[in-house]
Amino acid sequence: MSEQKANPNATFILASGSARRRELLADLLDDYEVIIAEVEEFPSHPDGSLVLVAANARLKARAVAEQRPEAWVLGADTIVALGDEVLGKPADLGEAKRMLKLLSGKTHEVSTGLCLVRVETGYEETRVETSRVTFRELDDETITEYFAEVNPLDKAGGYAIQIRGELIVDRFEGSRSNVIGLPMEMLGDWFRELDAFG
């Protein structure tokens, strides 16, 4: 990524309540607002996980963009998928443990959908980034140790690669920031393509 931060010509809004996304976006933009989209996300999609994250990102971006037609609005959605099984945020620690046991010793995909909208100009585009993460073989003791330091309940798949990732992750391919929740390389390239933020 370039060291130079971009400044939007119009207000930029992140339609997400994720603290991790806010921190990452601050590396690209000096100034932006956060408005949490009040929407009910799609739990699944017949065409698979990549279409699902794109649809949910679009849902969030459009909901906020309708309120603020003059602004650039970015919606995002991240999911963990092991084959055809999509893992969202666990409801409780028991479900979080089940997720980590399911991912143990296997390679899964983490996909983030991004939707950028500016109603005033009629601009809307959605893109998806996917990374592959391989877990170590996890025993109950390791999972307990991990949960002592990481709250898994607000994280897709019940884990965060950026917090004690060495306990559970063997290796990953692709964008690390994508696994955290915002694919910075793709987003930076996108901003440069638009030439609207510099």
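A word on ground rules. This is a predicted model, where local features need pLDDT of at least 70, side-chain atom pairs count only at pLDDT 80 or more, and totals for chains, interfaces and linings use all residues. Residues are numbered from 1 along each chain as its sequence is written, and side-chain values use heavy atoms, with hydrogens and water left out.

So, the fold. We have seven helices and seven strands, counted as DSSP runs (H or I, at least four residues, for helices; E, at least two, for strands). Starting at the N terminus, the order is β-α-β-α-β-β-α-β-β-α-α-β-α-α.

On to dimensions. The C-alpha trace spans about 50 × 35 × 25 Å along its principal axes.

Now the inside. Of the 198 residues, 49% are buried, meaning under 20% relative accessible area with a 1.4 Å probe, protein chains only. A nonpolar core here is a set of buried Ala, Val, Leu, Ile, Met, Phe, Trp, Tyr and Cys residues joined through side-chain atoms within 4.5 Å. The largest has 46 residues, and Phe 12, Phe 135, Tyr 146, Tyr 159 and Leu 187 have the most contacts inside it. A second, separate core holds eleven residues, among them Ala 57 and Val 73.

Terms used:
Buried means under 20% relative accessible area, exposed over 50%, partly exposed in between (1.4 Å probe, protein chains only).
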